[in-house]
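Trainee: I would like to learn how to read helices and hairpins in a model. Please take me through one.

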Amino acid sequence: MLRLLILAIVVLQCTSVYAQPLREVRGVWLTTNGGMDWPAGRYDESSQKKSLVEMLDRLAEANFNMVLFQVQANGDVAWNSSLQPAMESLTGNGSRSLSYDVCRFVIDECHKRSMECHAWVVPFRIGSSRNAARYASNKVKHPLKSHRDLCVLYSGGYYLDPGLPETRKYLLKLYKELIEKYDFDGINLDYTRYPGDKFNDASSFKAYNPGKLSRDDWRRANINEFVAQLHDMAKKVRPGIRVGSAPIGTYKNVDKYKNATSYFSYQQDPCQWIESGHHDFIIPQMYWNEDFGFTPNMVTWVNNSCKHPVVVGLAPYKLVDSKWDVDVIIDQIEKTRRTDGVAGVCFFRAEHLLGNNPKIKRLYDALRKDVFNRPAHLPQFGSNKAPSPRNVKAEYSNGGYVITWDAPRNCDVRYYSVYLTDDKGVRIDQAPDDIVGFKVKGNSFNYRSSKKGLKFAVTAFDRDYSESDPVYVNRGKEKSKKHKSKSDSDNSDERVYVDYDFL
């Protein structure tokens, strides 16, 4: 079955860019580690804000709908925490706290553009001793100093030992602080694994392995426990938040490929996190081409994801580092769209979408003008159907329509969509050409047209991106099944009032 599905995907490669879905994750990792994507050496508030707004404007222009904002890098964070110091890449000096509320600003600016903002965290990696020394005079101590007993040196850098209960307790306290303070749409885990086979955790393995598991099974159990505890805490503090991760791009190796694997090489089992109910989606970092099994690895993730969304992490940086052609990335997007169970893509990283390298510019232009030239809703993350808007009405005047409605009762509405329709109605899951207002905030929409008698429908989206049944607007002199139309007594050529009806 796996080989047949892979063959089907390969055969379809020869066609043109696949039809754009109405629902698709179009995400990007926005890196603050070292200021790589942002703030890129800018340390004053006005320059940082201006730069971020420009980046988000360009992402919005290309119809991106999710930003994974790095709020933790190497034991330092992007908010004024009581447990870890503020990133030097944001403050310019390791002794300082933030001069403004960075997370609040980023969240608000993303939401203004109808983009979700997820907190990208790096739990166990805390960096080198040189990195920690930058924060020596900060009143909030780096974990290498405040929790030295939890740290293990591995390959030149320090890591919090996942096998210690105190490590998990410390991290949960840190992330509870973050989630209580900010309304991030999600929290996304990176490097949530062991750093390598020779990680020196002999003492914690001896002390905290009552079940006498093998070392690899014990390590996986430690990571599983942390993820489960984080998920349960996050959902308790903020029930609507989504918990996800960016695992190593190969789960368990398939066919002839010899990649390092999430499960065996780094004791990371994200499919268990999904199966146990402690994950909403995953974004495996599939940063290679077909020489290393892009398609079979993608299919393997889907087959092991228990029907939860799989978002494929892409590597536009390889347009520069590995001399990939732009077509490699476009082809990978096509493959994700043709694979049932894949919910979209996420790009590492923002600089490699918005930078000045000629190939990067070509990629951005291809996304903006072609591949992502329509907006997309995010996948539905719940099973309920949103309630419909109420009292939908339309008015024609002076070359255009004003469509208005009331919010549905007992629903936290994210936004609305307005459709141009006909007497046959509209298939909301199959009608991208009919959408005239894609993500409408508020309770009204203006549609310019010289044609009178046009027909509209309005839907509501709840916080889980469930779309309601459409509410159709009766036009012109038609009589509503429920109400007498006001237009029956108004024969004006310039003003045609219409009432509403549920079909």
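Trainee: How do I read the packing of α14 and α16?

Mentor: Two packed helices are described by the angle between their axes and the distance between the axes. Here the axes of α14 and α16 (residues 358-371) come within 9 Å and cross at roughly 35°. Axes are lines fitted to C-alpha atoms, for helices over the stretch in contact, and angles run from 0 to 180 degrees between N-to-C directions. Helices (H or I, at least four residues) and strands (E, at least two) are DSSP runs, numbered from the N terminus. This is a predicted model: local features need pLDDT of at least 70, side-chain atom pairs count only at pLDDT 80 or more, and totals for chains, interfaces and linings use all residues. Residues are numbered from 1 along each chain as its sequence is written, and side-chain values use heavy atoms, with hydrogens and water left out.

Trainee: Which hand does the crossing of α14 and α16 have?

Mentor: It is right-handed. A crossing is left-handed if the near helix is turned anticlockwise from the far one by less than a right angle, and right-handed if clockwise.

Trainee: Which residues of α14 and α16 meet?

Mentor: Contact means heavy atoms within 4.5 Å. From α14 come V326, I329, I330, I333 and R337. They meet K359, R362, L363, A366, L367 and V371 in α16.

Trainee: How do α12 and α14 cross?

Mentor: The axes of α12 (residues 294-303) and α14 (residues 326-337) come within 11 Å, at roughly 35°. This crossing is right-handed. F294, T295 and M298 in α12 meet Q332, K335 and T336 in α14.

Trainee: Why is α12 described as largely enclosed?

Mentor: Buried means under 20% relative accessible area, exposed over 50%, partly exposed in between (1.4 Å probe, protein chains only). Nine of the ten residues of α12 are buried, so the rest of the structure largely encloses this helix. Among them are P296, V299 and W301.

Trainee: How do I find the buried face of α2?

Mentor: An α-helix has 3.6 residues a turn, so residues three or four places apart point the same way. In α2, Q48, S51, L52, M55, L56 and L59 are buried. Seen down the helix axis, they fall within an arc of 130°, so they line one face of α2. The arc is that of the directions from the helix axis to the C-beta atoms. The face turned away from the buried side carries the exposed S46 and K50. Elements covering the buried residues include β1 (25-30), β2 (66-70), α3 (88-91), α4 (102-112) and α15 (351-354).

Trainee: How do I read the hairpin of β12 and β13?

Mentor: Two strands pair if DSSP finds at least two bridges between them. β12 (residues 390-396) and β13 (residues 400-406) run antiparallel, joined by five bridges. E395 has V402 in β13 as its bridge partner. Three residues lie between the strands, and N398 takes a positive phi near 55°.

Trainee: And what of β5 and β6?

Mentor: β5 (residues 151-154) and β6 (residues 157-160) pair in the antiparallel sense over four bridges. Y154 stands opposite G157. Two residues separate the strands in this hairpin, where S155 takes a positive phi near 50°.

Trainee: Is Y170 buried or exposed?

Mentor: Y170 has 5% relative accessibility, so it counts as buried. This residue lies in α7 (residues 165-181). Not counting residues up to four places away in sequence, Y170 touches L83, Q84, P143, H147, L150 and L160. The C-alpha atoms of Y170 and L83 are separated by 8.7 Å, with the two 87 residues apart along the chain.
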